[in-house]
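Colleague: I am new to this kind of model, and I would like to learn how to read it one feature at a time. Could we look at it together?

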Amino acid sequence: MDLVLSKEAINNIVGVLDEDLLRAGADCALLVDRSGNLIVTRGDPANLDVVALAALSAANFGATSEIAKLIGEDDFALLFHKGKNENIHFTKVGKGFILITLFGKDVSLGLIRLKTAKVTDQLIPILTGEQ
Amino acid sequence: MSFIDLSKNEVQCKVVYYGPGRGGKTTNLLYVHQAMTEAVRGKMVTIDTKGDRTLFFDFLPLALGKIQNLSIKIQLYTVPGQVMYNATRKLVLKGVDGVVFVADSLKVQKEKNVESLDNLRQNLAEDNIDIGEIPLVLQYNKRDLGGSNIPILSVEEMEEDLNNRLQVPWFTGSALKGDGVFETLREISKRTVKQVSRKLLSR
């Protein structure tokens with residue numbers, strides 16, 4: 001199944017990411033598909049290789065799905081990696097997509113979790129063409 | 001799964017280099033990476049290699065210019081060839097749009113080539129992809145060993161073993177020296193983009 005997104009759909013995704021994640025203090029928000037394609041990047045990804053990040057995130061999610069299966073789960077809905085200054089949060093969006101949020105130490109994980117849950121609900125109808 | 005972004009008029013496709021372990025998949029990507037300018041290629045990512053084996057995958061994004069109005073971006077991946085890493089191969093194959101099968105010309109690898117191609121067929125079938133439908137190109141690698149005292153398979157024998165039923169385009173190659181690397185890449189890119197645009201037009 002190929003994914004074709006119109007200009008309007010892309011604009012809607014951009015709007016949702018900007019409004020909810022960047023305004024909440026996230027440095028960067030990316031939407032990728034689970035085969036590693038980069039769909040949308042928002043925020044300031046200077047010096048960040050977003051194409052490689054998309055491919056590695058899809059692989060990371062795939063690998064942890066296998067871990068999930070080993071313990072009797074279908075999948076994990078989110079992953080979180082904590083760094084010294086920068087953190088990264090991955091959220092499953094529907095079956096085929098991953099939302100990646102980068103945020104600094106001044107932003108609370110709880111807020112990001114709250115916002116990504118809301119964003120996920122808004123993105124699914126756009127990506128499945130139901131909006 | 002290819003992705004078409006109509007706001008940027010851009011197509012992204014995924015091409016996977018498949019084949020038995022130590023057959024030259026990573027070497028193909030390394031050669032492409034070295035030979036292309038930075039304007040065309042992105043950063044090559046290689047994950048956790050143990051010795052000279054690929055443990056997870058290698059990744060190399062390329063921008064191949066424009067066809068009509070669409071910018072073509074192709075992402076090249078390799079899989080680990082060793083039999084025991086099948087779970088990883090399935091992961092990397094997810095959403096694949098085209099496959100290059102890099103076969104090893106060494107005589108001792110005859111069975112391994114056939115096994116790996118069977119494994120590709122099975123893994124694609126699990127994702128509901130017919131090996132006869134997906135763009136596929138074969139590369140008979142390590143032909144440069146022809147003049148040495150290491151026994152290698154003849155091209156006819158490899159054709160008989162691997163391409164008898166498939167009847168897909170094939171190239172001889174020596175990934176280490178670069179022979180056949182770009183011919184293979186050109187053919188798989190052409191076929192993959194053609195297939196993706198055909199699907200796009202039929203929507």
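Colleague: Which residues of the largest nonpolar core touch the most other members?

Modeller: This is a predicted model, in which local features need pLDDT of at least 70 and side-chain atom pairs count only at pLDDT 80 or more, while totals for chains, interfaces and linings use all residues. Residues are numbered from 1 along each chain as its sequence is written, and chains are lettered from A and ligands numbered from 1 in the order in which they are written. In soluble globular proteins, nonpolar side chains tend to be buried together. A nonpolar core is a set of buried Ala, Val, Leu, Ile, Met, Phe, Trp, Tyr and Cys residues joined through C-beta atoms within 7 Å; a residue is buried if 20 or more other C-beta atoms lie within 10 Å of its own, exposed if 12 or fewer, and partly exposed in between, with C-beta atoms placed from the backbone. Here the largest core has 83 residues, of which A:L30, A:L31, A:V32, A:I98, B:V16 and B:F101 touch the most other members. Helix α2 (residues 50-70) of chain A gives this core its largest share, 7 residues.

Colleague: How is A:L114 classed, and why?

Modeller: A:L114 has 13 other C-beta atoms within 10 Å, and is therefore partly exposed. Its place is in helix α3 (residues 109-127) of chain A, where helices (H or I, at least four residues) and strands (E, at least two) are DSSP runs, numbered from the N terminus.

Colleague: What span should α5(B) have?

Modeller: The expected span of a helix is 1.5 Å times one less than its number of residues. The 21 residues of α5(B) should therefore span 30 Å, and this agrees with its end C-alpha atoms, which are 30 Å apart. Among the buried residues of α5(B) are B:V181, B:L185, B:I188 and B:V196.

Colleague: How many residues does each chain bring to the contact between them?

Modeller: Two residues are in contact if their C-beta atoms, placed from the backbone, lie within 7 Å. Chain B brings 25 residues and chain A brings 23 residues. On the side of chain B that touches chain A, the elements that each supply at least two residues include β1 (3-5) and α5 (181-201).

Colleague: Which way do the β1 strands of the two chains run?

Modeller: Two strands pair if DSSP finds at least two bridges between them. Strand β1 (residues 3-5) of chain A is joined to β1(B) by 3 bridges, and the two run parallel; B:F3 is the bridge partner of A:L3.
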